[in-house]
Amino acid sequence: MGDFRPDPTFYPSAKLAMAAPREGIGYVALLRTDGAAGDALGVVDLDPGSKTYRQLVHKVELPHIGDELHHYGWNACSSMLCPTGGHPFTERRYLIVPGIRSSRLYIIDTKPEPRAARIVKVIEPAELLHKTGYSRPHTVHCGPEGIYISALGGKGARGDEGPAGIFLLDCESFELRGQWEIERGDQFAHYDFWWNMPHDYLVSSEWGLPPLFENGIVPEALLANQYGHKLHFWDLRGRRHLQTIDLGANHQMALEVRPAHEPTKDYGFLGVVVDTTNLEGSIWTWWREGGQFHARKTATIPPEPADPAKLPDLLKGFGAVPPLVTDIDLSLDDRFLYVACWGTGELRQYDVADPFAPKLAGSLRVGGIAARTPYADGTPYHGGPQMIEISRDGERVYWTNSLYSTWDDQFYPGGVPGQMAMARAGRDGGLTADRDFLLAFPAGYRAHQVRLEGGDCSTESFCFASA
């Protein structure tokens with residue numbers, strides 16, 4: 001518990017969060033696929049005044065093999081300042097780290113020494129399934145009532161004997177509370193979720209049930225449009241499904257949802273991995289008007305022709321590389337949307353001051369299935385830009401290169417050794433890779449989600465408007 005004052009890293013508004021001190025530490029999910037050791041949570045020094053800047057200074061090594069760390073998050077964040085919050089004095093202290101493949105949850109304490117974080121609790125898969133009916137935990141968001149975690153699987157050995165969904169974890173005792181949904185409507189598959197708390201709604205998306213992703217992409221299922229292609233909207237307080245928007249079955253894998261950070265704005269963005277009719281990726285804008293939610297495609301990213309000899313077996317017949325939009329992230333001022341094109345090896349920056357007309361404002365190339373573009377300093381880059389994290393002030397954009405172990409192996413059969421890079425973002429647009437910031441993690445590790453000390457753009461949600 002805190003000292004009966006709100007944690008100083010809780011910010012009432014996005015504007016105040018942007019003015020807070022810069023991040024000094026980054027936490028990175030590191031996964032092992034060789035069976036030689038368990039995954040780890042890496043601690044990276046991000047303080048440019050430090051002697052160990054840009055270095056991995058600590059690893060929290062996990063005791064089990066094969067967890068496959070994916071998305072994770074804080075036990076508490078700025079949402080605790082909401083008037084409806086019941087835990088205003090909880091600290092941003094613990095990282096809730098799910099193993100998407102094992103269905104195991106780790107609680108990692110980052111205090112008193114953030115550079116020596118440690119495991120303090122493990123929730124085993126049997127307990128998770130027994131208390132929630134869910135498996136394959138994925139995305140973690142801290143809300144005023146506790147910790148919300150999405151699960152991509154239901155019951156059964158394959159995780160497909162029942163719907164996937166969201167469950168709650170107590171933010172202080174770390175006890176499982178159970179399923180979040182009271183009425184789920186037609187929602188069955190799951191992926192990402194987020195909310196607008198003052199406007200009292202939650203939005204969720206779909207990837208697919210575990211048989212469609214655990215052993216790699218299933219080409220026959222993709223061409224048959226069997227992956228997720230819907231957005232779901234919910235009554236946040238009532239925990240009831242309100243509306244489904246079908247994007248069209250050809251828009252396969254509706255993944256990251258990014259609502260506007262400013263709570264007065266009633267819109268957000270969605271990234272769609274691939275259109276099966278033409279291999280393009282797309283960005284969609286969703287909004288609420290007249291009591292109903294709407295969505296439309298507002299930006300497209302085309303595939304790029306390539307020599308089949310440079311392509312993995314999965315793509316040889318197409319003679320092209322799809323962009324594969326695997327992550328998006330929105331700056332705290334709601335001005336720039338960053339899009340990871342993991343297939344073509346491009347990180348895009350869109351000016352979304354007008355959310356219905358994104359304008360390409362910056363781009364950098366690194367890696368890529370066929371291009372294999374080296375980093376700015378000439379170092380070979382593996383994979384492509386994947387998980388994105390933006391500093392609160394919007395000036396630095398960090399990214400890693402691994403998507404999901406079995407998908408890495410299909411699209412990048414040469415391997416995806418873990419790397420983390422950073423770009424500088426211009427105040428009015430523009431994106432330049434920092435040639436001095438390319439971190440290679442120890443041999444055997446791949447790199448996925450990044451979290452920043454004090455909060456970041458894909459975890460913080462606010463209840464108060466910026467002045």
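Glu-127 and Lys-131 form a salt bridge, with their closest N and O atoms 2.9 Å apart. (A salt bridge here is a side-chain nitrogen of Lys or Arg within 4 Å of a carboxyl oxygen of Asp or Glu.) The two residues sit four apart in helix α2, so about one helical turn separates them. Glu-127 is partly exposed at 27% relative accessible area, and Lys-131 is partly exposed too, at 37%. (Buried means under 20% relative accessible area, exposed over 50%, and partly exposed in between, using a 1.4 Å probe and protein chains only.)

A quick word on what you're looking at: this is a predicted model, where local features need pLDDT of at least 70 and side-chain atom pairs count only at pLDDT 80 or more, while totals for chains, interfaces and linings use all residues. Residues are numbered from 1 along each chain as its sequence is written, and side-chain values use heavy atoms, leaving out hydrogens and water.

Helix α2 (residues 125-132) packs on a sheet, touching β8, β10 and β11; contact means heavy atoms within 4.5 Å. Helices (H or I, at least four residues) and strands (E, at least two) are DSSP runs, numbered from the N terminus. That sheet is open and antiparallel, with four strands in the order β8-β9-β10-β11. Strands pair if DSSP finds at least two bridges between them. At the edges are β8 (135-143) and β11 (176-179), each pairing on one side only. Three bridges join β10 (residues 165-169) to β11, and Phe-167 has Gln-179 in β11 as its bridge partner.

Back to charged pairs: the structure holds 40 salt bridges. Here are three of them.

| Pair | Closest N to O distance |
|---|---|
| Glu-127 and Lys-131 | 2.9 Å |
| Glu-181 and Arg-184 | 3.6 Å |

The Asp-408 and Arg-446 pair links distant parts of the chain, helix α5 (residues 405-411) and strand β30, 38 residues apart. Both Asp-408 and Arg-446 are buried, and so are Glu-181 and Arg-184. There's also a salt-bridge network linking Glu-91, Arg-93, Asp-109, Lys-111 and Arg-118.

Strand β30 (residues 445-452) also holds Arg-451, which counts as buried at 4% relative accessibility. The Arg-451 side chain makes polar contacts with those of Glu-389, at 3.1 Å, and Asp-456, at 3.3 Å. (A polar contact is a pair of N or O atoms within 3.5 Å; within protein, one must be able to donate a hydrogen and the other to accept it, and residues adjacent in sequence count only if both atoms are side-chain atoms.) Arg-451 also touches other residues, including Tyr-27, Tyr-72 and Trp-74.

How values were computed. Axes are lines fitted to C-alpha atoms, for helices over the stretch in contact, and angles run from 0 to 180 degrees between N-to-C directions. Lists of a residue's contacts leave out its neighbours within four places in sequence.
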